[in-house]
Amino acid sequence: MAATSSAVTSGRRRDRWSEALAGYAMISVPMLLFLLLQIFTVIYAVYISLWRWNVRSGPVDFKGLANYQTALGDPIFQRAVQNSIYYAVIWVPLTMAIGLFLAIIVNQKIRGQTFFRGAYYFPAIASSAAITILWIFIVSPDGLFNSLRAALPFDPLGTIFGYGPHKNWIGDQDTALNSVIILNAWTTSGTFMLFYLASLQSISGQVYEAAAIDGANAWQTFTKITFPLLRPGHFFVATVAVIGALQLFDQAAIAGGPGGDPNNALMTVVLYLYNAAFSQFNFGYAAAVGVILFVFIFGVTLIQRRIFGSAPSW
C-alpha cells in the first residue's frame, strides 16, 4: 500500500514538472525576444552613446560622457525638452479628461451606443499623417477655422487675445504647439475612452445601487465612487499618455518640418534625436539623447506609480 502511494506521489510530481517545463518552454521565446529587443537594445544604446559612432565601421573615437554634456548644453535640445514637457503637462490631463468623459457617455445604456463608441474611436485608427495635413489646412490663414471665426457675430479669440482674422495657427511660434495639442487631444481621446471604458465596466453595479439607496446624486456618485475606483485605470492611462507625449514626433515633423519650425516651436526631443541620427549621421550623439529620454520617462513613470499607488489589475 505504501509503495502504491509513493508511486502515485512520484507520478504527480512528474506531471507537475512536465507542466512547469511546458509553461517555461511556451514563454521562453517571448522572453528571449523581450530581452533581445528591449533590454539589450537599451544597454547597446548606452554603449553607443559613449562613442563617436560610424554606422558602417562602428566605434571610431571614445568620447565618454561628452555626448551627454553636449546635449544638455545645447540650447536647441533645451528648447526641445521644454516643448516636450509643456506638451505633456497640457495634453495629458486634457486628453485624459476628454477620454473619461466620453467613456462615461458610451457606458450608459443609450440608443446607438455601439455607433458612438466607433465614432469616437475612429480618429485614433486614421492615418496620423493624413489627419495632420488636414489639420494644417483647417487652421491655415484662409482655412475653415478662421472662416468660422469670421462668420460668428462675436470672436472671443480676436477680442480677448488679439488674434487677427487670418491667423496662421501652425505658422506662429506662440500658437503652433497649442494647435498640435488640440489636434492630438481629438485624435487620442478615443483610445483613452476605451481604456477607461474597460475600467468602468469592471466596477460592480451593486456599488451604484447602494449609492442610489443612500440618496447620492450623479455628481456625488462620480466623485465618491466612480473616480476613486478608477485609480488603476488612471495609472495605466496616465503612464501611456506621458510616454506618448514625451515621444511626440510625427505631428511635429509634419507640421514644423525637420527644424521644428517656426523658431523651434515644434522641436521635440524625438525630432531632435531624429535630426542627430539621420540628418547629421551622429549616431553616438543620437544614442545619448535617446538614453536621456529613456531615463526621464522611466523616472516619470516611477513618480506616477508612487502617486497612484499600484499598477492596474485588469
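The side chains of Arg-149 and Asp-155 meet in a salt bridge, with N and O 2.7 Å apart (a salt bridge is a side-chain nitrogen of Lys or Arg within 4 Å of a carboxyl oxygen of Asp or Glu). The structure holds two such salt bridges. This is a predicted model, in which local features need pLDDT of at least 70 and side-chain atom pairs count only at pLDDT 80 or more, while totals for chains, interfaces and linings use all residues. Residues are numbered from 1 along each chain as its sequence is written, and side-chain values use heavy atoms, with hydrogens and water left out.

**Salt bridges**

- Side chains of opposite charge can pair when their charged atoms come close.
- Arg-149 counts as buried because its relative accessibility is 6% (buried means under 20% relative accessible area, exposed over 50%, and partly exposed in between, with a 1.4 Å probe and protein chains only).

**A strand pair**

- Strand E1 covers residues 51-54 and strand E2 covers residues 58-62; the two pair in the antiparallel sense over four bridges (strands pair if DSSP finds at least two bridges between them).
- The names come from DSSP runs, numbered from the N terminus: helices are H or I runs of at least four residues, and strands are E runs of at least two.
- Three residues make up the hairpin that joins E1 to E2.

**Helices that pack together**

- Two packed helices are described by the angle between their axes and the distance between the axes.
- Helix H9 (residues 205-213) packs against helix H10 (residues 218-229) at an angle of about 165°, and their axes are 11 Å apart (axes are lines fitted to C-alpha atoms, for helices over the stretch in contact, and angles run from 0 to 180 degrees between N-to-C directions).
- That angle makes H9 roughly antiparallel to H10 (angles under 35 degrees count as roughly parallel, over 145 as roughly antiparallel, 65 to 115 as roughly perpendicular, and the rest as oblique).
- H9 and H10 have a right-handed crossing (a crossing is right-handed if the near helix is turned clockwise from the far one by less than a right angle, and left-handed if anticlockwise).
- From H9, Val-207, Tyr-208 and Ala-211 meet Thr-221, Ile-225, Thr-226 and Leu-229 of H10 (contact means heavy atoms within 4.5 Å).
- Helix H5 (residues 128-138) and helix H8 (residues 176-200) have axes that come within 11 Å and cross at roughly 130°.
- H5 and H8 are therefore oblique to each other, and their crossing is right-handed.
- On the H5 side, Ile-131, Thr-132 and Trp-135 meet Ser-179, Ile-182, Leu-183, Trp-186 and Thr-187 of H8.

**The loop between H12 and H13**

- Pro-262 sits in the loop between helix H12 (250-256) and helix H13 (269-279).
- A cis peptide bond, with omega of about 5°, joins Asp-261 to Pro-262.
- Asn-263 is in the loop between H12 and H13, and it has a positive phi of about 55° although it is not a glycine.
- Asn-263 counts as partly exposed, at 48% relative accessibility.
- Asn-264 lies in the loop between H12 and H13 as well, and its phi is positive, about 65°, although it is not a glycine.

**Two residues of helix H1**

- Ile-48 belongs to helix H1, which covers residues 2-48, and it counts as buried at 13% relative accessibility.
- Leaving aside neighbours within four places in sequence, Ile-48 is in contact with Trp-53, Phe-283, Gly-284 and Ala-287.
- From Ile-48 to Ser-127 there are 79 residues in sequence and 33 Å in space, C-alpha to C-alpha.
- Gln-38 is in helix H1, and this residue is partly exposed, with a relative accessible area of 44%.
- Gln-38 and Ile-181 are 143 residues apart along the chain, and their C-alpha atoms are separated by 29 Å.
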